[in-house]
Amino acid sequence: SSAASDVYKRQTLQGIGKKIALAGLIFGLALSACGKAPEPAAGNGFLPGAPAPAKGCGENGYLETTIYGVLEGSIQWSAGSLDCEGMPRPANEGARLRFAGLADDIRIAFIIAIPGLERGAPGTELPSNVTVIEEGSGRFFSTAGQENCWSDIEKNAPLPETPGTFSVVGTLYCIAPLIEVNGDSSVSLQEMKFAGLLDWGDA
């Protein structure tokens with residue numbers, strides 16, 4: 001009937017509206033200090049007024065992991081096939097690192113936010129918020145919290161030739177899948193080893 005059709009359309013529009021609102025809320029929370037939502041997707045998503053991220057991976061930059069789920073494959077990126085960025089998080093609550101490259105013909109970015117990381121200090125079992133982005137599609141997956149992934153940072157050392165820039169080397173572990181935001185899929189990450197640069201700014 002016409003009445004039933006109107007109810008169906010209204011419920012459908014309400015569902016779409018809720019999904020849009022949820023996506024907006026998640027992106028908004030990403031800019032807060034709580035660290036319980038996906039981190040900004042790229043350098044231009046970092047907060048205005050903050051120091052520019054360290055771009056480039058350094059001569060020894062790399063990222064190695066295996067991804068399972070709706071995105072799947074072995075990833076072994078070296079400095080020549082990898083984009084890296086690193087900078088402090090808002091309110092100086094740790095730092096975030098971004099690694100991006102091609103897996104087959106899909107460009108994927110990994111963002112690792114580590115609120116407990118301190119300037120120049122290594123650390124073990126640091127709770128981490130992780131976001132995986134299929135760039136160009138608007139599709140991304142996130143821990144949306146810091147309970148399921150953690151990082152061991154074995155090196156966080158300054159580069160003498162570049163004041164404020166540090167070489168960061170570590171390993172990320174996740175014990176639960178990363179859930180697709182505004183979707184019903186997920187991805188899982190095997191142990192991830194990484195090395196890149198991080199601009200901590202002036203001392």
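Reader: Where does Asn92 lie, in a strand or in a loop?

Author: Before turning to that residue, please keep in mind that the model we are reading is a predicted one. Asn92 lies in the loop between β4 (83–88) and β5 (95–103), and its backbone has a positive phi of about 60°, although Asn92 is not a glycine. Asn92 is also exposed, with a relative accessible area of 69%.

Reader: Which other residue has a positive phi although it is not a glycine, and where is the place of that residue?

Author: Asn182 has a positive phi of about 65° and is likewise not a glycine; its place is in the loop between β12 (178–180) and β13 (186–189). Asn182 counts as partly exposed because its relative accessibility is 40%, a value that falls between the 20% limit for buried residues and the 50% limit for exposed ones.

Reader: How many helices and strands make up the secondary structure of the protein?

Author: The secondary structure comes to one helix and 14 strands. Buried residues make up 43% of the 203 residues in the protein, and of the contacts with a separation of 6 or more, 57% are accounted for by residues 24 or more positions apart.

Reader: How should I read a nonpolar core, and which residues have the most contacts inside the largest one?

Author: The general idea is that, in soluble globular proteins, nonpolar side chains tend to be buried together. In this structure the largest nonpolar core has 34 residues, and those with the most contacts inside it are Leu63, Phe110, Val132, Leu172, Leu189 and Phe194. Apart from that core lies another, of six residues, among them Ala100, Ala109, Ile111 and Val181.

Reader: Which residues is Leu172 in contact with, leaving aside its neighbours within four places in sequence?

Author: With those neighbours left aside, the contacts of Leu172 include Ile112, Val130, Cys149, Trp150, Leu189, Met192 and Phe194, and they also take in Ser128, Ser151 and Glu191. Two of these partners, Leu189 and Phe194, are named along with Leu172 among the residues with the most contacts inside the largest core.

Reader: What is a disulfide in general, and how many does a search of the whole structure find?

Author: A disulfide is a covalent bond between the sulfur atoms of two cysteines. A search of the whole structure finds two disulfides, and when the bonded cysteines are counted along the chain, they follow the pattern 1-2, 3-4.

Reader: Which parts does the disulfide of Cys57 and Cys84 tie together?

Author: The disulfide joins Cys57 to Cys84, with an S to S distance of 2.0 Å. Cys57 lies in the loop between β1 (54–55) and β2 (62–69), whereas Cys84 is in strand β4, so the pair ties together parts that are 27 residues apart in sequence. The torsion about the S-S bond of Cys57 and Cys84 is about 100°, and the disulfide is therefore right-handed. Both Cys57 and Cys84 are buried.

Reader: How does the disulfide of Cys149 and Cys174 read, and which strands hold its cysteines?

Author: This disulfide joins Cys149 to Cys174, again with an S to S distance of 2.0 Å. The pair links distant parts of the chain, with Cys149 in strand β10 and Cys174 in strand β11, 25 residues apart. The torsion about the S-S bond of Cys149 and Cys174 is about 110°, so this disulfide is right-handed. Cys149 counts as buried because its relative accessibility is 2%, and Cys174, at 18%, counts as buried too, because the limit is under 20%.

Reader: What lies in the largest pocket, and which residues are the closest to its centre?

Author: About 210 Å³ of space lies in the largest pocket. Of the 13 residues that line it, the closest to its centre are Gly58, Glu59, Asn60, Leu159 and Ser167. The elements that give two or more residues to the lining are β10 (149–159), β11 (162–174) and β14 (192–199), and the largest share, three residues, comes from β14. By kind, the lining residues divide into five nonpolar, five polar and three charged.

Reader: Where is the place of Glu118, and which residues does Glu118 touch?

Author: The place of Glu118 is in the loop between β6 (106–114) and β7 (123–127), and Glu118 is exposed, with a relative accessible area of 55%. Not counting residues up to four places away in sequence, Glu118 touches Asn156 and Trp200.

Technical notes. Residues numbered from 1 in each chain as written. Predicted model: local features only at pLDDT ≥ 70, side-chain atom pairs only at ≥ 80, totals over all residues. Heavy atoms only, no water. Core = buried A, V, L, I, M, F, W, Y, C linked by side-chain atoms within 4.5 Å. Buried < 20%, exposed > 50% of the residue type's maximum accessible area, 1.4 Å probe, protein only. Contact = heavy atoms within 4.5 Å. 1 Å grid on protein atoms, 1.4 Å probe; cavity = no way out; pocket = protein on both sides within 12 Å on 5 of 7 lines; lining within 4 Å. Points joined across faces, edges and corners; volume = space filled by probe spheres on them. Helix = DSSP H or I, 4+ residues; strand = E, 2+ residues; numbered from the N terminus. Nonpolar A, V, L, I, M, F, W, Y, C, P; charged D, E, K, R; others polar. Disulfide = S-S within 2.5 Å.
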